[in-house]
Amino acid sequence: MSPAPIAMASLPSPTLPPLPHAPPGGLPAMSDGLVASHSTRQDRAEQGRLYDLCFGMHDGERLLPWRYDRCPAGATIAPIARDARGALVASYACSPRQVRFRGEDPGECRVGQTGDVMTHPELRSRGVFSALHWRAMSDAHERGWVAAWGLPNRYSGRIFFGKLGWKLAGHIGQWNFVLASTSTARAIRLHSGRLAMWGTPWAAWRGAQRRSALRARASGLRREPLARFDPQVDRLSEAVEPRFDWMVHRDAAYLNWRFFDAPSGRFEALAVRDASDHLVGYAVVQRPLAGEVVGIVSDLLGIDPAAEGAALDGALELLAARGASIARAYAMRGSHWARLLAQGGFRSPRGEKPVGAYALEGDHPLAGATLDTSRWWFTDGDRDAECVR
Ligand SMILES: CC(C)(COP(=O)(O)OP(=O)(O)OC[C@H]1O[C@@H](n2cnc3c(N)ncnc32)[C@H](O)[C@@H]1OP(=O)(O)O)[C@@H](O)C(=O)NCCC(=O)NCCS
């Protein structure tokens, strides 16, 4: 697709609510010849193709309808821009999640994750992304969402943290657990340096020690495969939520959509039950692809340290059984999840990435908590991206 040439001019803009960094005088105009609108399900195939082009992927058309339209927390806000010939040349996505502050149900208000921001390569640096950003924020504010957050990359980071006024909310890092000291595991550990590579057998031994400790604290708990989540998990989530300032409510509808109905079909789960057969924890893993050795601990919940330990040990066992030699998880710096991974024998990250956030309702406690990721319960299952690497 080669978009039509454009010249810069103003188009009438709707008004923008008084947000801290919003440009004065309403939404920024689109470049001449470009028209912004809200996308609908009919736009998904074109958005999917732009996604493949901008991110070097191949499954956008299959992925985006699941991500934007089927999440039980609500539809994604996804403004788009079309050129004079009607071709879709830019798209922005902010996906809602039902996040709770210390277990309080905030009703209809949501926190959005910004992702899939993309402008056709021939139309970059003309303010198209920024104009769609303010349309999305305006829409989110109107719907009563209290904050937005995202994982900017090197292209979008300087724009978000620059003129769009996003705050640095924390850092996310990659934690690795060596399940087996294979040659491929050593090659992967080389990314963390030569010392890490040569230390792979030691890391595997140390990991096994830590897992014994997890097992010891989990005596009396039973694990079993979980084919689908049922309403028991709502009660488990509600029991855990008061411990955190920011946690996505995990009910059965949400978790089944997130993992079992996701397009890749790569997720598997296990339940942790106590002597009375109550669900006290669960873990979800992302299996390695054929020929690959990295598996992901995608999500986990435990009612107490024993259940957390049983779930984490179970996730590692499951990944090993599926052929993984490295188990991986991403965690926010200083968070409870990071501490749990450290206790479980995961190696701490070399290098982290920034997390950005923007408060739409500055006075709301959930907006305050969104600005500090160390207060979150956050796993890879909380991302809008289906799979991680
Ligand atoms: C990141 C991305 C969406 C930015 O899109 P864009 O439409 O080029 O973004 P904008 O034009 O709004 O802003 C980019 C730059 O253009 C500048 N700009 C804004 N309005 C402008 C205008 N009218 N004329 C010229 N430049 C302008 C901005 O100040 C900004 O400058 P900076 O790079 O110095 O910060 C785009 O590069 C992209 O699609 N990348 C590939 C996909 C990707 O990685 N997305 C990020 C995922 S987290």
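**View 1. R102 in the loop between β4 and β5 of a predicted model.** R102 is found in the loop that lies between β4 and β5. Helices (H or I, at least four residues) and strands (E, at least two) are DSSP runs, numbered from the N terminus. The model is predicted: local features need pLDDT of at least 70 and side-chain atom pairs count only at pLDDT 80 or more, while totals for chains, interfaces and linings use all residues. Residue numbers start from 1 along each chain, as its sequence is written. R102 is not a glycine, yet its phi is positive, about 45 degrees. With 15 other C-beta atoms within 10 Å, R102 is partly exposed. For this classification, C-beta atoms are placed from the backbone; a residue is buried if 20 or more other C-beta atoms lie within 10 Å of its own, exposed if 12 or fewer, and partly exposed in between.

**View 2. S125 in the loop between β5 and α3.** S125 is found in the loop between β5 and α3. S125 is a residue other than glycine with a positive phi, near 60 degrees. It counts as exposed because 8 other C-beta atoms lie within 10 Å.

**View 3. The shell around the ligand.** Of the 21 residues around the ligand, T119, R124, G127, F129 and S130 come nearest. A residue is near a molecule or strand if its C-beta atom, placed from the backbone, lies within 6 Å of it. At least two residues of the shell come from each of α1 (44–55), β5 (111–119), α3 (128–142) and α4 (157–161). By class, the shell has 10 nonpolar, seven polar and four charged residues. Ala, Val, Leu, Ile, Met, Phe, Trp, Tyr, Cys and Pro count as nonpolar, Asp, Glu, Lys and Arg as charged, and the others, Gly among them, as polar.

**View 4. The buried side of helix α11.** In α11 (residues 336–343), the residues W337, A338, L340 and L341 are buried. They lie on the same side of α11, because they cover an arc of only 160 degrees around the axis. The arc is that of the directions from the helix axis to the C-beta atoms. The buried residues of α11 pack against β7 (167–178), α10 (305–321), β13 (326–332) and β15 (376–377). G345, which follows α11, has a positive phi near 100 degrees.

**View 5. The open sheet β4-β9-β15.** Three strands form this open sheet, in the order β4-β9-β15, and the pairing is mixed. The edge strands, β4 (99–100) and β15, each pair on one side only. Two strands pair if DSSP finds at least two bridges between them. β4 and β9 (residues 246–248) run antiparallel and are joined by two bridges. V99 stands opposite V248 in β9.

View 6. V89 has its place in strand β3 (residues 88–97). It counts as buried, with 26 C-beta neighbours inside 10 Å. The C-alpha atoms of V89 and L34 are separated by 8.7 Å, and the two residues are 55 residues apart along the chain. R243 has its place in the loop between α8 (232–240) and β9. With 13 C-beta neighbours inside 10 Å, R243 counts as partly exposed. R243 and H336 are 93 residues apart along the chain, and their C-alpha atoms are separated by 10.0 Å.

**View 7. Confidence along the chain.** The mean pLDDT of the chain is 91, and 95% of its residues reach 70 or more. pLDDT is the predictor's confidence in each residue, from 0 to 100. Over residues 1–14 the pLDDT is below 50, and this stretch has 31 contacts in the model beyond near neighbours in sequence. Two residues are in contact if their C-beta atoms, placed from the backbone, lie within 7 Å.
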